[in-house]
Amino acid sequence: MKFQQQFSQQQKQTQKLAMTQKLQQSIQVLQFSSDELLAFVDNQALENPLIDLTDHEYPTSYTQGSGTPEQFNEYLNQIPNRGSSLFEYLIDQIHLNYRDTFLRTVVLFLVEYIDLNGFLTIDLVKAGQMIGASEIQMLDALTLIQQLDPAGVGARDLRECLMLQTERDDAAPELAYIVLEEWFTELAERKWDKIAKNLAVSLSEIQKVFDYIQTLTPTPGAAFGSTDGLYIIPDLRVTITEGQPVVTSNRRAMPEVRFQQHYFDQLKQSGDAEVKKYLDNKAQEFAWLKKTLQQRGDTIYRVGEAIVHHQQAFFLKADRPLKPLILKEIADELGIHESTVSRAVNGKYLETEFGVFELKSFFGQKVSTQSGEDVTTEAIKRRLAALINEENKQKPLSDQKLADLLKAEEVEISRRTVAKYREALNIPGSSKRKRFD
């Protein structure tokens with residue numbers, strides 16, 4: 001038996017997309033929001049001495065039109081007033097109101113365990129063991145914290161938080177505190193008949209308590225939280241010119257980078273091979289960044305322009321109607337991938353005379369009506385909210401009844417879909433919408 005092994009060489013040509021680090025970064029840059037992009041470019045400038053980042057602290061103008069003083073002031077008015085944190089606010093009150101005693105030391109210790117929403121996150125017994133304080137001392141310290149502003153701070157759960165706020169409010173209904181203290185679960189589960197019977201009051205009195213509690217805050221410390229997300233920098237602007245919506249790019253959202261040519265020439269004269277290699281590498285990084293920023297701006301502009309073209313009625317009509325629109329339609333029209341459209345609209349904003357809107361809000365799935373006309377799911381949600389708003393609150397509409405009413409308007413969706421849309425709108429079910437006044 002002979003064993004024969006043969007080898008042969010064949011040349012085969014294939015195409016593969018190599019996901020290089022630069023390509024991955026380019027994709028990531030498109031996905032960045034305006035503030036994330038500024039942070040990224042700032043970091044690039046710190047690492048590359050050849051990148052000169054022009055001042056982008058305030059807006060100047062739009063790429064296809066000059067900015068006005070009014071626009072400048074509008075942006076300034078968006079900048080949030082960054083006050084002290086909740087922790088700093090509490091510490092200031094403690095030093096101003098309480099003498100330097102061991103009890104104040106315990107108070108300062110407990111404040112370290114208050115979260116951003118204002119709740120105490122440590123068990124008092126455990127805290128007492130850690131600091132060497134008795135149970136009474138821990139309770140006294142917590143009482144002092146709960147007397148500070150904002151009302152409700154230092155609570156250990158939602159019930160206690162609402163009770164602390166009610167206790168300080170002279171305008172609170174007379175029954176509010178006792179209902180929270182003894183009947184909190186029944187109130188939340190809308191077992192109001194049981195509460196009314198035990199307190200010998202009418203259901204309308206319990207309704208007043210419930211309405212009042214709705215005005216209280218479940219997170220008293222949240223007002224002191226981070227405001228980083230409050231300053232939105234629109235990527236695009238739409239103005240109406242000769243009866244048509246016109247899209248322009250916002251220079252404020254696009255950081256400008258310049259090449260440090262003088263610095264480059266100066267260092268290159270050294271003649272050092274390592275320095276030359278370093279400079280060439282940094283020059284290539286600058287060229288990549290410049291090109292990537294331009295591509296990002298062009299892509300967002302093209303996608304935004306296509307969206308505005310499809311949704312012209314939104315910008316021209318008072319009721320702001322939206323047509324059904326999906327990512328694939330824009331992708332096919334522009335000859336790009338759906339994922340590119342997705343990255344170009346998420347976290348990107350469009351400014352108009354009547355507000356600022358995220359680009360992705362202009363997309364919506366379509367639902368066919370009995371007449372054959374397509375409507376967006378957002379339009380159905382708006383109609384659903386309107387029907388609920390107009391209902392008799394003593395006899396709220398069930399999900400099935402809402403589905404029947406929509407069917408009468410030639411929008412045929414199931415009861416389950418109605419429930420899904422209602423929950424997306426944060427509207428409770430019919431049993432929890434019922435009122436007794």
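This report describes the fold, cores, sheet and some single residues of a predicted model.

## Basis and overall makeup

Residues are numbered from 1 along each chain as its sequence is written. In this predicted model, local features need pLDDT of at least 70 and side-chain atom pairs count only at pLDDT 80 or more, while totals for chains, interfaces and linings use all residues; side-chain values use heavy atoms, with hydrogens and water left out.

The protein chain has 20 helices and eight strands. These are DSSP runs, numbered from the N terminus: helices are H or I with at least four residues, strands are E with at least two. The chain holds 437 residues, and 39% of them count as buried. Buried means under 20% relative accessible area, exposed means over 50%, and partly exposed lies in between (1.4 Å probe, protein chains only).

The chain exposes about 26400 Å². Carbon and sulfur atoms supply 49% of that area. Accessible areas come from the Shrake-Rupley method with a 1.4 Å probe; for residues, only the protein chains shown count as cover. Take the contacts between residues at least 6 apart in sequence: 62% join residues at least 24 apart. Contact means heavy atoms within 4.5 Å.

The largest nonpolar core has 24 residues. Such a core is a set of buried Ala, Val, Leu, Ile, Met, Phe, Trp, Tyr and Cys residues joined through side-chain atoms within 4.5 Å. Val 303, Ile 307 and Ile 330 have the most contacts inside this core. At least two residues each come from strand E2 (236–241) and helices H13 (273–310), H14 (312–316), H15 (327–334) and H16 (338–345). H13 gives the most, with six residues.

Ile 307 is in contact with Ile 330, Val 345, Leu 359, Phe 362 and Phe 363, leaving aside neighbours within four places in sequence. A second, separate core has 23 residues, including Tyr 98, Ala 127, Ala 133 and Val 153.

## The four-stranded sheet

Four strands form an open sheet in the order E3-E2-E5-E6, with mixed pairing. Two strands pair if DSSP finds at least two bridges between them. The edge strands, E3 (244–249) and E6 (355–358), each pair on one side only. From one strand to the next, the twist averages 30 degrees.

E5 (residues 349–352) pairs with E6 in the antiparallel sense over four bridges. Thr 352 stands opposite Gly 355 in E6. H13 lies across E2, E3 and E5, and runs at about 170 degrees to E3.

## A helix pair

The axes of H17 (residues 377–390) and H19 (residues 415–424) come within 10 Å and cross at roughly 85 degrees. Axes are lines fitted to C-alpha atoms, for helices over the stretch in contact, and angles run from 0 to 180 degrees between N-to-C directions. H17 and H19 are therefore roughly perpendicular to each other, a term for angles of 65 to 115 degrees. Thr 377, Ile 380, Lys 381, Leu 384 and Ile 388 in H17 meet Val 418, Tyr 421, Arg 422 and Ala 424 in H19.

Thr 340 lies in H16. Not counting residues up to four places away in sequence, Thr 340 touches Leu 30 and Thr 299.

The peptide bond from Asp 149 to Pro 150 is cis, with omega near 0 degrees. Pro 150 sits in the loop between H7 (135–146) and H8 (158–168).

Arg 190 has phi near 60 degrees, a positive value in a residue other than glycine. Arg 190 is buried, at 16% relative accessible area. Arg 320 has phi near 50 degrees, also positive. Arg 320 lies in the loop between H14 and H15 and counts as partly exposed at 25% relative accessibility.

Definitions and conventions
Parallel < 35°, antiparallel > 145°, perpendicular 65-115°, else oblique.
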